[in-house]
Amino acid sequence: MTTAPVPMSIEELKQMAVTIRCDIIEMIATAKAGHPGGSLSAADVVTALYFRVMNVDPENPNWPERDRFILSKGHACPVWYAALAERGYFDKAHLGTLRKLDSILQGHPDMKKTPGIDMTAGSLGHGLSAGLGMALSGRLRKQDYHVWVIVGDGESQEGSIWEAAMAAAKWDLDNLTAILDRNHLQNDGCVDTEMPIDPVPDKWQAFGWHVMEIDGHDMEQVVEALEKAKTIKGKPTMIIAHTIKGKGVSFMENVAGWHGKAPCAEEAAQALEDIRRCANA
Amino acid sequence: MPKTENSHYHHVRPEVIPLLASGELFTAAECQATRYAYAEAILELGKRNPDVVVLDADVSKSVRTTEFAKTFPDRSFNFGIAEQNMMAAAAGMATTGLIPFATTYAVFASMRALDQVRNSIHYPHLNVKIAASHGGITPGPDGPTHQGQEDLSILRSIAGSTVVAAADPPTTRLAVWAAAEYEGPVYLSFTRDPVPVIFDMDYPFEIGKAVTVRDGSDATIFAIRDMVSQSLVAAERLAAKGWHVRVVDCHTLKPLDTEAILQAAEETGAIVTAESNIILGGLGSAVAEVLVENHPVPMKRIGMRDSFAESGPYLEIVKKYGMSAEHIARAVEDVIARKHP
C-alpha cells in the first residue's frame, strides 16, 4: 500500500490514524511494555498534525523554520514514534525496537536519540513550558514557525502547567497551541475524582487563552480546530480535545488499567481486529 | 606596591596580600557580591553575543539583571515567581540555538526546579546556563530557607553536569563568559553577600581547571566559592607558625581537576577542603573520592556540618558554623600532624 501525499485529505487522515493505532498496538505488544491508552486517545490529533497541519520536513528534521511538536505527556510516545515512522523520519523497522537496549526509541521521548523528536519529555508538566520557550524564541528571531504541545488531562494536575499557562498569555504567544487530550483517565483512576481539573475551558479562558472544544476523534473537527488555531492572533490557543482513552480497542476504551500495560499476543490480535473493524464501520 | 610575580601568590591583587596577613581582608578590602559581578558580566556578554538571553524569576532587582533588561528588553524574560516554568522554557529556547541564562536563587534552581533542571536541561544536554545567586550560606540574614547550602552537591550528582562557583567578582565575570563559550548546561553559583575582590583579571579561568593561587609544600587547601578568601587568610595564619600551605581555587566542582588534587597529595601530603556547602556530596566529598581511590593522604573537610544554619551576618555564620579562616587553619594543622604520626 502506498501512502497518500501530505497534506492528506480527511479520508486519508482517517486511514493513517488506523495505521498509526495498529503500529501502537504492535510496538507495545512487541516491547511487552508501554502506555497504550493515552497513545490511542491522542492518535487522531497527532495524525492530523503530522500529515496535514504541521510545516515539517522529514528529510531535514532539524530545519530551523519547522513547526515544533512536543508530547508533554511523554509516556504516550508510541503514538509519536508511529507518526514519525509513517511520515518517513526513520525506518519503520525501528518500531519493533521500542524500549530495547540500543534502540533509538526510548521508553519516553529522547530528542538526542530519535530523529524528529523536538523535545525530550517524560516528567510531566515540562512540555508546555518548553514549547513556550520555543515560541518566545521564534518571535525573538522573527521565525514563522508554530509550536504544538499535547498536554494530558491528568498532567494538568501539575502546577507547572499553570505557570506556563500564565506565561504564554502574558507574552501573547499566538504561535503556541496546546491540545488537551481530555480522556478523563490517569494511572490511578479517574481524573475527575482523583483530582478534578474542571472547569477546564473556564480555567484556560481565565488564564487568557483562546479556547476551543472538539471531539478529538472526529478528524474533520480536529483538522478544522488545528487550522483555526494558526489564525488566532494575540493569544495562545488551547484546543480541548474530548477523547477516549484506549480509543479503537474495545477492551481498552475507558479502562484506566490500560494506562501503562502491554497487551499479550491474543489481546494484541484482538486489538488490531477492533481497530480495523472500527475503521470500516 | 611590588609586582607579585616573584611571590608565592598567583593572580592575587597586590593590594590584597598585606590584608591577608593582617587579618583585615574582610574589613579593608574592596568587597562585592558575586551576583552583581554576574549581572555586569551578562550585560557585557549581551553586547557581544546576540544569542544570549536572560530569564528571571522575580529576582532581577536582587541580582541586578535589570540592567540587561533595560539594555536588551527583547532578550529579557521575567517569568515571575515560577522557577519550574522558567527552567523548562529555558530548555525550549536552547533547542533553537539561543543561550539562556536562567536566573534565580540557588535553593530554587537546585531544588524547586530540580526536576526541570535534570530532565529537561541535563538529560538532553541543552545549552542552558543556570545562574544561581544566594549559594551556600551567603544570604546570611535571610536564614536557612534561602541559604542554598546543598546546591553544589545536588547539581554535582546529575549526569553530565558542569558546576562552577567562582571565588570573587573578577573570576565570576570570567566564569560567566567561559560558561557562555561552553556547549551544554552549566550551573553557576554566586554569593548573595559581599566577598573580597581578590584576583586580577589576568586569572587564567578555564572550566575544569583548578588554579593554585598560593604556593606551599606542607599541605593544600582546596576551596570553592566564598571559602577561597577564608582559606587564603588561613594560609597566612599558618605561615606565621612556619607552615607553607598551598591554596587552590577549585572553582569548578565538576568536572573536578583530579590532576591538581593528585599533584597536591603527592607534593604536600595533606589536604583540607573548604566550602560553605554542606559537607555531604560537595567539594570535600569529591576530593575525598579522588584521594581514597588513588592516593590516600590525611584529609579534613570544612563546610556546613549536617545541620541548617540560621539568620545572621554572613561572616558571623561562617564563624559560628565552623568555616572561618581559623577553623580552616586548625584543620590544616591537624592534617599536617597526621602526616607524621
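In the predicted model, the interface between the two chains brings 23 residues of chain B into contact with 21 residues of chain A. On the side of chain B that touches chain A, helix 6 (83-95) and helix 8 (114-122) of chain B are the elements that give two or more residues. Helix 6 of chain B makes the largest contribution to this side, with nine residues. In terms of residue class, the chain B side comprises 11 nonpolar, nine polar and three charged residues.

The partner of strand 12 of chain B is examined here through its bridges: strand 6 (residues 163-164) of chain B pairs with strand 12 of chain B in the antiparallel sense over two bridges, and B:Val163 has B:Lys254, in strand 12, as its bridge partner.

Chain B is assigned two domains, domain 1 (17-29 + 205-339) and domain 2 (32-196). Their centres, taken over C-alpha atoms, are separated by 25 Å. The contact between them takes 35 residues from domain 1 of chain B and 33 residues from domain 2 of chain B. On the domain 1 side, at least two residues each are supplied by helix 2 (25-28), helix 11 (227-240), strand 12 (252-254), strand 13 (271-278), helix 13 (283-294) and helix 14 (314-320) of chain B. The largest share of this side, four residues, belongs to strand 13 of chain B. The domain 1 side divides into 19 nonpolar, nine polar and seven charged residues.

The largest nonpolar core has 207 residues, and those with the most contacts inside it are B:Ala90, B:Leu188, B:Ile221, B:Ile271 and B:Val332. Helix 1 (residues 10-31) of chain A provides the largest share of this core, nine residues. At least three residues of the core come from each of domain 1 and domain 2 of chain B. Beyond its neighbours within four places in sequence, B:Ile271 has contacts that include B:Ala219, B:Phe222, B:Val287, B:Leu291, B:Met299 and B:Val335.

Chain A contains an open sheet of five strands in the order 1-2-3-7-6, with parallel pairing. Strand 1 (68-71) and strand 6 (210-215) of chain A are the edge strands, each pairing on one side only. Neighbouring strands of this sheet are turned against each other by 20° on average, direction ignored. Within the sheet, strand 2 (residues 147-152) and strand 3 (residues 176-182) of chain A pair in the parallel sense over six bridges, and A:Leu180 in strand 3 is the bridge partner of A:Val151. Helix 5 (residues 127-140) of chain A lies across strand 1, strand 2 and strand 3 of chain A, running at about 170° to strand 2. Helix 9 (residues 219-229) of chain A lies across strand 3, strand 6 and strand 7 (237-242) of chain A, at about 165° to strand 6.

Key
Residues are numbered from 1 along each chain as its sequence is written. Chains are lettered from A and ligands numbered from 1 in the order in which they are written. This is a predicted model: local features need pLDDT of at least 70, side-chain atom pairs count only at pLDDT 80 or more; totals for chains, interfaces and linings use all residues. A nonpolar core is a set of buried Ala, Val, Leu, Ile, Met, Phe, Trp, Tyr and Cys residues joined through C-beta atoms within 7 Å. A residue is buried if 20 or more other C-beta atoms lie within 10 Å of its own, exposed if 12 or fewer, and partly exposed in between; C-beta atoms are placed from the backbone. Domain bounds come from an automatic or database domain assignment. Two residues are in contact if their C-beta atoms, placed from the backbone, lie within 7 Å. Ala, Val, Leu, Ile, Met, Phe, Trp, Tyr, Cys and Pro count as nonpolar, Asp, Glu, Lys and Arg as charged, and the others, Gly among them, as polar. Two strands pair if DSSP finds at least two bridges between them. Axes are lines fitted to C-alpha atoms, for helices over the stretch in contact, and angles run from 0 to 180 degrees between N-to-C directions.
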